[in-house]
Amino acid sequence: MKDLKKNDEHVATLKEGLEAVPGNKTLTKLYATYYVNQGIMAQKAKKINEAEEAYKQAIAIQPENVNALNSLGSLYYNQGAATLKTDVDKAKAEFKEAKEYLDELIPLLSADKPAQKKMMDNAKTMLNYIDTQLK
């Protein structure tokens, strides 16, 4: 319970800071990262809707947050892959969502940075598979 209160205080402080200094890059990144981390924790706990909302919140705060775009694109990709055998139409809808976020992600990444190159390669692999499924 104590940690939850600290989280709430952390988020409130970041929000207040951004209201006082709109556009502050450091505060914006910290605020968006908080939601990315919430999304990751929710996803690990199999709370897919909560994860989706957290990633979308991060993107709303910082539209070019590569971790949020990658996480949300991967989430939709995984949901599409999981439903492909039971519901092709639903899978295609999930893949279209994934494609939207992964297409936004790739131009933001640099192949010169190892972590970003790996993210780029993974995104391209997912996009190639999505393209075969949407034909």
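This is a predicted model: local features need pLDDT of at least 70, side-chain atom pairs count only at pLDDT 80 or more; totals for chains, interfaces and linings use all residues.

**Exercise 1.** Work out how the rings of Y31 and Y35 are arranged.

*Solution.* A search of the whole structure finds six aromatic pairs. For Y31 and Y35, begin with the ring centres, which are 5.6 Å apart. Rings count as paired if their centres lie within 6.5 Å. Next take the planes: they stand at 65°, so the pair is edge-to-face. Now place the two residues: both lie in helix α2 (residues 25-44), four residues apart, about one turn of the helix. Y31 and Y35 are both buried. Finally, ring pairs link Y31, Y34 and Y35 into a cluster.

**Exercise 2.** Classify the pair Y77 and F95, and find which helices hold these residues.

*Solution.* The ring centres of Y77 and F95 are 5.8 Å apart, and their planes are at 45°, so the pair is tilted. Y77 belongs to helix α4 (residues 66-83) and F95 to helix α5 (residues 88-105), so the pair ties together parts that are 18 residues apart in sequence. Are these two residues buried or exposed? Both Y77 and F95 are buried.

**Exercise 3.** Check the span of α2 against what its residues should give.

*Solution.* At 1.5 Å a residue, the 20 residues of α2 should span 28 Å. The end C-alpha atoms of α2 are 28 Å apart, which agrees. To complete the picture, the buried residues of α2 include L27, A32, V36 and A42. After α2 comes K46, whose phi is positive, near 65°.

How values were computed: Residues are numbered from 1 along each chain as its sequence is written. Side-chain values use heavy atoms; hydrogens and water are left out. Rings of Phe, Tyr and Trp (its six-membered ring) pair if their centres lie within 6.5 Å; planes under 30 degrees apart count as stacked, over 60 as edge-to-face and the rest as tilted. Buried means under 20% relative accessible area, exposed over 50%, partly exposed in between (1.4 Å probe, protein chains only). The expected span of a helix is 1.5 Å times one less than its number of residues.
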